[in-house]
Amino acid sequence: MSSMAHPTEGAWRALIDGELTVEEAAELRRHAAACATCAVRLSETQQSAQATDRLLDRLGAPTLSLDISTVVQSARQSSRRRAGLIAAGISLLVVSVAGATVGRPVVRALVERVRALVHPAAPEPTSAPFDQSRGVAIVPGSETRIVFDSVQTAGVLRLSLADTAELVIRSDSQVIYRVSDSGIIVHNGGSRASYDLLIPRDARFVQVLVGNAVLFEKFRDQVGTRVRPDTAGRYLFVP
Amino acid sequence: MSEPSFEVAFAAVFADRSAPLYRYLSGLSGDPALAQDIVQECFVKLYQRGRMPDDPRAWLVTVANNLWRDDRRRESRRARLLLHKSGELSAPDEPASADAGTLAAERIAAVRQALAKLPERDRQLLLLRHEGFAYREIAAALNVAPGGIGTMLARASAAFREVYRELDGPSD
């Protein structure tokens, strides 16, 4: 009989499954060759493993009908949804701070933005009448465009860098707006509205367009516009 | 989102591991549709990771087992609600009906019944090994020490054969 102690049933099973090193396997085989008790044990373990495999073979080998492109597509869609949720969460945090200063309309605008982010495939929010005494939040820190879709023929646009983000419209006619992932579109067809725009100082990129012309652009700390700021730091645009 | 080398590695792992993972989960759940859903979710998670884990095979089967466990919990909650509502619930080890009444179908059903009577960990052990998973992969998936896998497998095999004999007479 081999000098080693009788190996455990786990060791025999590991030998059968090829889980031992060459040296370990050789030592076990030498022991089994010299020890009748363990030779029987090895044989029984082997029979048990083979019988189990035969039984499990009866379950067959069902074929997977899953294409790698389906997986990749699903992963990308899921990532986009997750990114949307994260962005929505950040937006909530940022604008809820702003909401404390500018009031309920900010929250209303945010809700629309969050809705768009969480359900990117859903139809875009429909245009809503703008309450001229209230503001719309502009989410800072990301790329934001404020687009006035018509050329102004009346009213003024005052633009300031501030610690908060807000768009306030003063108008004697109805103005409607739409919040999208890329910013705010203001349907200024009435042309009699005036606007106060507060652009957050820490916004990375903000662009203001009126009738497809870039009126103001901020990229990090640089501001690009044709007008000079007044003593209060406001940029005043008069048609 | 991911580098080309990751895409290549991902495709290779998918080609190599999706089918064994699916067969394992099919055997475990008895539900091919659920098995496919879990396999898909595993690979979605791997893709979203954007880089390969140190041991992708062990990682995949560990994630698969976690998803399976989560599904079982959900099912268990549903079953409890159903029981509460209707006052009755089928016994979990109720013999599955042989779909065609053939001897082969009865034998498959007997194997499934025998598996169902084992503790879940034994079932997982046997099915993982049957699909060629290495001890270190099985250990990772079941959160046990690799050194104990041989013993656990030997005992699970013996228990499985014993249960099967009781259900179906002597095995071959």
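Me: What makes A:E19 and B:R129 a salt bridge?

Reply: Happy to walk through it. In this predicted model, the closest N and O atoms of A:E19 and B:R129 are 3.8 Å apart. The cut-off is 4 Å between a side-chain nitrogen of Lys or Arg and a carboxyl oxygen of Asp or Glu, so the pair qualifies. Across the interface of chain B and chain A, the rule finds four salt bridges.

Me: Which elements of chain B give two or more residues to the side that touches chain A?

Reply: These are α1 (4–29), α2 (32–49), α4 (103–117), α5 (120–130) and α7 (149–168) of chain B. The largest share, eleven residues, comes from α7(B).

Me: How do you know how many residues of chain B are in contact with chain A?

Reply: Contact is judged by heavy atoms within 4.5 Å. By that test, 42 residues of chain B are in contact with 35 residues of chain A. On the chain B side they divide into 22 nonpolar, eleven polar and nine charged. Chain B and chain A bury about 3400 Å² between them, with 63% of it on carbon and sulfur atoms.

Me: What makes a residue part of the lining of the second largest pocket, and which ones lie nearest its centre?

Reply: A lining residue has an atom within 4 Å of a pocket point. On that basis 13 residues line the second largest pocket, and A:V210, A:L215, A:F237, A:V238 and A:P239 lie nearest its centre. By class, the lining has ten nonpolar, two polar and one charged residues. The volume of this pocket is about 230 Å³.

Technical notes
Residues are numbered from 1 along each chain as its sequence is written. Chains are lettered from A and ligands numbered from 1 in the order in which they are written. This is a predicted model: local features need pLDDT of at least 70, side-chain atom pairs count only at pLDDT 80 or more; totals for chains, interfaces and linings use all residues. Side-chain values use heavy atoms; hydrogens and water are left out. On a 1 Å grid over the protein atoms alone, a cavity is a set of points where a 1.4 Å probe fits but cannot get out, and a pocket is an open set with protein on both sides within 12 Å along at least five of seven lines; lining residues have an atom within 4 Å of a point. Grid points are joined across faces, edges and corners, and a volume is the space filled by probe spheres set on the points. Ala, Val, Leu, Ile, Met, Phe, Trp, Tyr, Cys and Pro count as nonpolar, Asp, Glu, Lys and Arg as charged, and the others, Gly among them, as polar. Buried area is the accessible area (1.4 Å probe) that two parts lose on being put together, summed over both. Helices (H or I, at least four residues) and strands (E, at least two) are DSSP runs, numbered from the N terminus.
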